[in-house]
Amino acid sequence: MFSKTCEYGIRAAIFIASESYQDKRVGLKDIAQKIDSPEAFTAKILQILARNKIVNSIKGVGGGFEIPKKKMKKINMTQIVKAIDGDVVFTGCGLGLSKCSDEHPCPAHFKFETIRTELATMLENTNLEELALGVVSGETFLRYSATQL
C-alpha cells in the first residue's frame, strides 16, 4: 500500500515524536537504528520530512531532529504519506494500472475504492501524537527486539 520510503518515513516521524515528547532530540544514526533503515536512505527521508515541515532539523552541537509537542497533534498521517508518496495511495489504481477510473475500471477498482476511502479516513484521523504516545508508554513498538519474539 505504501512505498518502502513512506513506511520508513512514518516510522521515523513516530520515533522522532516519541523522543521529542520526552524533550530529546535524536540524531540520524539513532533514527536509522531504531527504525531498522540504512543511514543514507534515512537521511534522504528526513530531508523530505524536514522540507515538508513535519520534523525540525537542528544543526550543530546538540542538534538533531525534533517535533515540537504542540505540533504533534496537528500532524496527521495523511501529511506524512503525501509528503513522501504524493496522493497516489488516495487516487491510484489498486493494481497499479496507469488508466483506471469509474468509467474504465480495472478488475479490482470498485472493491479497492472502498478500502482506499477507509484508509484515507484513518490516515486523516490519526495524528502523530497518539502514535508517539503508544511508543512512549510501551504499548506499541517500531521494531522487534529479541525479547518480543
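Helices (H or I, at least four residues) and strands (E, at least two) are DSSP runs, numbered from the N terminus. By that rule the protein chain has eight helices and two strands. From the N terminus on, these elements follow the order α-α-α-β-β-α-α-α-α-α.

This is a predicted model, in which local features need pLDDT of at least 70 and side-chain atom pairs count only at pLDDT 80 or more, while totals for chains, interfaces and linings use all residues. Residues are numbered from 1 along each chain as its sequence is written, and side-chain values use heavy atoms, with hydrogens and water left out.

**The chain as a whole**

The C-alpha trace of the protein chain spans about 55 × 35 × 30 Å along its principal axes. Its accessible surface comes to about 9,000 Å², and 53% of that belongs to carbon and sulfur atoms. Accessible areas come from the Shrake-Rupley method with a 1.4 Å probe; for residues, only the protein chains shown count as cover.

A residue is called buried under 20% relative accessible area, exposed over 50%, and partly exposed in between (1.4 Å probe, protein chains only). Of the 149 residues of the protein chain, 37% count as buried. Contact means heavy atoms within 4.5 Å. Among the contacts in the protein chain with a separation of 6 or more, 63% are accounted for by residues 24 or more positions apart.

**The nonpolar core**

A nonpolar core is a set of buried Ala, Val, Leu, Ile, Met, Phe, Trp, Tyr and Cys residues joined through side-chain atoms within 4.5 Å. The largest such core has 34 residues, and those with the most contacts inside it are Ile16, Ile31, Leu49, Ile67, Ile80 and Leu128. Two or more residues each are given to this core by α1, α2 (28-35), α3 (39-51), α5, α6 (88-91), α7 (109-124) and α8. The largest share, nine residues, comes from α1. In soluble globular proteins, nonpolar side chains tend to be buried together.

Leaving aside neighbours within four places in sequence, Ile16 is in contact with Val26, Ile31, Leu46, Val55, Phe65, Glu66 and Ile67.

**Two helix pairs**

Axes are lines fitted to C-alpha atoms, for helices over the stretch in contact, and angles run from 0 to 180 degrees between N-to-C directions. Angles under 35 degrees count as roughly parallel, over 145 as roughly antiparallel, 65 to 115 as roughly perpendicular and the rest as oblique.

| Helix pair | Angle | Axis separation |
|---|---|---|
| α1 and α8 | about 70 degrees | 8 Å |
| α2 and α3 | about 105 degrees | 9 Å |

Helix α1 covers residues 4-21 and helix α8 covers residues 128-137. Their angle makes α1 roughly perpendicular to α8. On the α1 side the contact is made by Ala13, Ile14, Ala17, Ser18 and Tyr21, and on the α8 side by Leu128, Glu129, Leu131, Ala132, Leu133, Val135 and Val136. For the classes, Ala, Val, Leu, Ile, Met, Phe, Trp, Tyr, Cys and Pro count as nonpolar, Asp, Glu, Lys and Arg as charged, and the others, Gly among them, as polar. The contact of α1 with α8 has ten nonpolar, one polar and one charged residues.

The angle between α2 and α3 means that they, too, are roughly perpendicular to each other. Here Leu28, Lys29, Ile31, Ala32 and Ile35 of α2 meet Glu39, Thr42, Ala43 and Leu46 of α3. These residues divide into six nonpolar, one polar and two charged.

**Helix α5**

Helix α5 is mostly covered, with seven of its nine residues buried. The buried ones are Met77, Thr78, Ile80, Val81, Ala83, Ile84 and Asp85, and they pack against α1, α3, α6, α7 and α8. Thr78 lies in this helix, which runs over residues 77-85. Thr78 counts as buried because its relative accessibility is 7%. Not counting residues up to four places away in sequence, Thr78 touches Phe90, Ala120, Leu123 and Glu124.

Ile58 belongs to strand β1 (residues 56-58). Its relative accessibility is 29%, so Ile58 counts as partly exposed. Beyond residues up to four places away in sequence, Ile58 touches Arg25, Gly63, Gly64 and Glu66. Ile58 and Arg25 are 33 residues apart along the chain, and their C-alpha atoms are separated by 8.7 Å.

Asp23 sits in the loop between α1 and α2. Phi of Asp23 is near 60 degrees, a positive value in a residue other than glycine. With 64% relative accessibility, Asp23 counts as exposed. Lys53 is found in the loop between α3 and β1. Lys53, also a residue other than glycine, has a positive phi near 60 degrees. Lys53 is exposed, with a relative accessible area of 61%.
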